[in-house]
Amino acid sequence: MDKSFVQFSQMSLLINSTKVKKFFVIAGGRKPDAKWLKQATNYEEIWCADAGLDYCLDLKKKPKRVYGDFDSCSSSLQELLQEGTIAVHAFARKKDNTDLQLLLNDIPHNSQVIITGVWGGRFDHLYANIYSLAASKKEKNLNVILADHKEIMTMLLPGEEIACDFKQQPVAISLLPLAETNNVSISGVKWPLENKILLQDNPYAISNEMDSSKVNISVHTGLIGCYFNFIE
């Protein structure tokens with residue numbers, strides 16, 4: 001199977017699939033470190049959700065598209081509209097879907113999506129973001145990676161696997177069961193697992209530690225969030 005290589009300042013990921021198009025999405029959660037974001041945004045297309053536009057423009061970069069009600073975005077929307085170089089998808093503040101959900105509706109099938117600006121802040125926002133991304137992954141066959149300078153998580157469905165090569169040692173490696181029942185394997189850690197069942201209501205496979213410079217994770221059934229914490 002083809003491989004997709006994704007690199008961050010803390011680690012690189014080798015995923016056993018190649019997606020046709022790659023997107024970097026900037027949302028309005030915790031602001032990524034400027035140096036980290038500058039290195040990470042070397043992508044074909046940058047899309048922003050609401051206040052993520054400010055994070056993008058701070059780097060002197062312009063996204064291809066921006067989505068939201070702009071209730072938390074301080075940039076001048078009128079100037080962007082007049083300029084005409086950015087596709088602005090504006091919505092009423094009173095709506096059912098979140099800004100990120102509206103953006104995800106337009107992501108093409110079989111794409112790779114790296115999203116930053118999702119960590120930190122309110123738990124309800126993070127919860128909605130994770131399960132919205134999980135739903136889009138399943139529906140559209142996406143590679144999904146949530147990342148910033150402190151935390152990285154990729155989601156794996158059955159038959160998917162990743163090889164992790166670390167430049168910075170993670171404080172914790174956790175496997176988060178995002179489906180009711182999951183079967184997973186992980187090697188290169190202090191407490192390896194081989195074809196083990198993880199239940200959503202008993203998420204015990206957290207706070208693992210590196211036992212090798214490389215960590216391999218594969219999912220046999222279910223949906224797993226492979227989480228790496230770099231907060232010191």
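**Close-up views of a predicted model**

**View 1. Ser213 in a loop of the predicted model.** Ser213 is partly exposed, with a relative accessible area of 47% (buried means under 20% relative accessible area, exposed over 50%, and partly exposed in between, with a 1.4 Å probe and protein chains only). Ser213 sits in the loop between strand E13 (193-199) and strand E14 (214-221), where helices (H or I, at least four residues) and strands (E, at least two) are DSSP runs numbered from the N terminus. Ser213 and Asp99 are 114 residues apart along the chain, and their C-alpha atoms are separated by 38 Å. This is a predicted model in which local features need pLDDT of at least 70 and side-chain atom pairs count only at pLDDT 80 or more, whereas totals for chains, interfaces and linings use all residues. Residues are numbered from 1 along each chain as its sequence is written, and side-chain values use heavy atoms, with hydrogens and water left out.

View 2. Asn16 lies in the loop between strand E2 (11-15) and strand E3 (21-26), and at 6% relative accessibility Asn16 is buried. A polar atom of the Asn16 side chain is 2.9 Å from the backbone oxygen of Gly159, and the side chain of Asn16 also reaches the backbone nitrogen of Glu161, at 3.0 Å.

**View 3. The annotated segment 159-224.** In an unreviewed entry, UniProt lists residues 159-224 as "domain: Thiamin pyrophosphokinase thiamin-binding"; UniProt positions are given in the numbering used here, feature names are shortened, and annotations may be inferred rather than shown by experiment. Over residues 159-224 the chain is 53% strand and 0% helix, with the end C-alpha atoms 12 Å apart.

**View 4. Cysteines without disulfides.** A search of the whole structure finds zero disulfides, a disulfide being a pair of cysteine sulfur atoms within 2.5 Å. The closest cysteine sulfur to that of Cys48 belongs to Cys56 and is 4.1 Å away, which is too far for a bond. Cys226 is likewise in no disulfide, the nearest cysteine sulfur being that of Cys164 at 7.1 Å. Cys48 is buried, with a relative accessible area of 0%, and Cys226 is buried at 0% relative accessibility.

**View 5. A nonpolar surface patch.** Phe123, Tyr127 and Tyr131 make a nonpolar surface patch of about 350 Å². Phe123 belongs to helix H5 (residues 123-140), and at 62% relative accessibility Phe123 is exposed.

Note on methods. Patch = residues over 30% accessible without salt bridge, like charges linked within 9 Å, V, L, I, M, F, W, Y side chains within 5 Å. Areas by Shrake-Rupley, 256 points an atom, 1.4 Å probe, with all protein chains shown as cover. Salt bridge = Lys/Arg side-chain N within 4 Å of Asp/Glu carboxyl O. Polar contact = N/O pair within 3.5 Å; in protein donor to acceptor, adjacent residues only side chain to side chain.
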